[in-house]
Every structure is written in C-alpha cells, then in structure tokens.
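This report describes a protein chain, with attention to its charged pairs and its overall build. The sequence and structure are shown below.

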Amino acid sequence: MAVRIASPYKNILVTGGCGFCGSAFVCFVVDSAPDVHVTVLDKLAYAADLDSIAGLSKDGVELVVGDVCDSNLLERLVPGHDAIVHYAAESHNDNSIADPAPFIATNIEGTYTLLQAARAFNVRFHHISTDEVFGDLALDDPRKFTEESPYRPSSPYSSSKAASDMLVRAWSRTYGLKATISNCCNNYGPHQHSEKFIPHSIACIQRGERPKLYGDGLNVRDWIHVEDHARAVWSILTKGAVGETYLIGANCEHSNLEVLRTILKAMGQSEDYVDWVRDRPGHDRRYAIDASKLWREFGWTPIHNDFTAEVSRLCCETPL
Ligand code: NAD
C-alpha cells in the first residue's frame, strides 16, 4: 500500500504518460496522491505501452490520444490543469541517427507548442530531460555533471533535448513561466521498450541470439530505477524553485559490458555470449550525475539501490 502524499495540484497533465518513464510517474501519482486527477496526453507512438497504466483507477486517470505538436488540441486540453509534466519525446538515440526528423518535430516543436499553451493558461510546467545534453566525460575524469555543466550534446536526440531545455529556460526567463527542468541519467525498470539496451539484450537472449555490444563495451552509463526517477520528479514539481534545474541520479555507474554480464549471468549464459559490433557514430563515452542538489534540498534518496538484483529480476520477469 503506497503512502498517501499531499499535493498542491489537483489536475496534472502528463505528456508521454504511456511511455516508459511517463507511465511510472502516472502510476506513482495515482497510487500515492489519490486526490490528484491525471490527464495523460500521448499519441501512442511505437514506444507507448498501454499496459503500463492499464491497472490504474479510471477515476484517477484519463487518456487523451493526441500529439503535443497539435496547438488546437492543447488550447482545449490545457485549461483546467494546474501543472504539466512533459515527458513526451522521441527517445532512442539510434533512431535519431537514422532519421532525425521526428526528433526535431516532437522534442523541439512539441515542447515549443506546449510551452505556448502553458504560458497562455498560466500553468506550472515541469520539463523532463536527459543528462545526455551535457555530452560525455572521459572514463578517468573525476568530475560528474552538475547543474552548471555546459551543454555539449552529441547526437540528434540529445541535441533536440538540449534545444527543448533552452526553450523552457527562455520561456521561464522571458515570459515568467513557472517552470523547472530535470536532467536524469539512464533509467531501467519494467515496461521499457525493447529497443533499449537492457530489454533488448534480455529479448535477444530469450530468442537464442547473442546480445550486441557497441565498440569495446566500456562506455559507462549512470543508472536509476524508473520509480526513483518518478519520485524525484514529484519532489521537484511540488517543492522545486521555479526557474531551477535539477539533476537526477542515483550514483550507479556501470559499463555496458558490466550490465550485459549481469544479464548473461542472470539468464544462465556464459559471459562471452556477446555479438561485438562496430561502435555507434558519436557514441558518448561516459555519463555521471552529481545529484547532490536534489538530495540536499529535498532529502530525496533512491529506494532501489541494488542494481544487480533489480536487473536480474527484470531478466526473470520480462515476458517472452
Ligand atoms: P518512451 O519512448 O518510452 O516514451 C515516449 C512516450 O511519448 C511514448 O508513449 C510516445 O507515444 C509519446 N510520444 C512521442 N511523441 C509524441 C507526441 N508528438 N505527442 C504525444 N506523445 C508522444 O521514452 P522514455 O524513455 O519514457 O522517455 C520519456 C522522457 O524521459 C523523454 O523526454 C526522455 O528524454 C526522458 N528521459 C528518459 C531517460 C531514459 O533512460 N529512458 C533518461 C532521462 C530522460
């Protein structure tokens, strides 16, 4: 049974609420703050998973199928909401390299369209972004990304997210929009689309294929459970200072090779059952988040702290 939490908001619009991260946030709000009504706006693109919010009470959540780029729809939908949490995005780096166009449309134009609606109806806005906007760090660099790190995005995906962050900052500063931004590290957990590294590797092994690993496999990602991400976003939405950016991370750096070996072990495969493939162009070497501002200001800490056990559980629970 979730602990009931009080909310300063009554009606929250969550874009991309049928996606991996957005649905975890919707579930968290509906379970923990039952007085809040959540409207999910999602165009049900290929990564959406209706099952991820299917078990929720129909009184607490309503799904509107539509596009964040549709200004007429937003004009009808946004009034009556007192907060918008903007998750909707094209989110897969590999796809952005093959075809950047949808990333420019949803991530940049979609954010712009939503900002204009939030501004018109004076609605509190929280923008979900990624640590990938900061580019990468060397493996031996003692530093981590902070809220002051310069933007150096590498891929069409991360540059489209960087552009959307800049729009949010400008709307906050120029128009006084009550906005916050969070940049989170790599998420793992249930309902992630099978194109992403952990579910993709699990699905390959289930099919009897070797999972692929880019380059030397030593690229490092900083991991967080998707439910911890959702809890952090709630802290920022309810306690964050307008105009501020917060980094979200759980101090959990692992190389891709380490993650794959965890999966292989959990699924009873030898650690060399790997298809080594040529590195992705522009592949970032390492991400690492210093989330001390979030931890210090809100007393937020991750609940899911045993990465190896959590990933092993996903290996058992992922349906064939
Ligand atoms: P996802 O691809 O699983 O889900 C995206 C959702 O947005 C889908 O349900 C899709 O249908 C919807 N959508 C796409 N285009 C839309 C449009 N034009 N209008 C309305 N809905 C649309 O992505 P995710 O992994 O859940 O990522 C969500 C957000 O979190 C993104 O902004 C991403 O940058 C950010 N983020 C993700 C991670 C991660 O590790 N997954 C890490 C940090 C930040």
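Aspartate 216 has a relative accessible area of 35% and is partly exposed, a class that lies between buried (under 20% relative accessible area) and exposed (over 50%), with a 1.4 Å probe and protein chains only. Arginine 285, at 25% relative accessibility, is likewise classed as partly exposed. These two residues form a salt bridge in which the closest N and O atoms are 2.8 Å apart; the term denotes a side-chain nitrogen of Lys or Arg within 4 Å of a carboxyl oxygen of Asp or Glu. Arginine 285 sits in the loop between strand S12 (275-277) and helix H10 (292-298), and aspartate 216 in the loop between strand S8 (212-214) and strand S9 (220-225), so the bridge ties together parts that are 69 residues apart in sequence.

The model is predicted: local features need pLDDT of at least 70, side-chain atom pairs count only at pLDDT 80 or more, and totals for chains, interfaces and linings use all residues. Residues are numbered from 1 along each chain as its sequence is written, and side-chain values use heavy atoms, leaving out hydrogens and water.

## A network around glutamate 253

Arginine 286 forms a salt bridge with glutamate 253, with 2.8 Å between the closest N and O atoms. This pair links distant parts of the chain, 33 residues apart: arginine 286 is in the loop between S12 and H10, and glutamate 253 is in strand S11. Salt bridges that share partners join Lys144, Glu253 and Arg286 into one network. Arginine 286 is buried, at 5% relative accessibility, whereas glutamate 253 is partly exposed at 29%.

The side chain of glutamate 253 also meets that of lysine 144 in a salt bridge (4.0 Å, N to O). Lysine 144 lies in the loop between strand S5 (124-130) and helix H6 (156-175), so its pairing with glutamate 253 ties together parts that are 109 residues apart in sequence. Lysine 144 has a relative accessible area of 31% and is partly exposed. Across the whole structure, a search finds 14 salt bridges.

## Overall build

The protein chain has 11 helices and 12 strands, assigned as DSSP runs (H or I, at least four residues, for helices; E, at least two, for strands) and numbered from the N terminus. Buried residues account for 54% of its 320 residues. Of the contacts between residues at least 6 apart in sequence, 82% join residues at least 24 apart, where contact means heavy atoms within 4.5 Å. The C-alpha atoms fill a box of roughly 55 × 40 × 40 Å along the principal axes.
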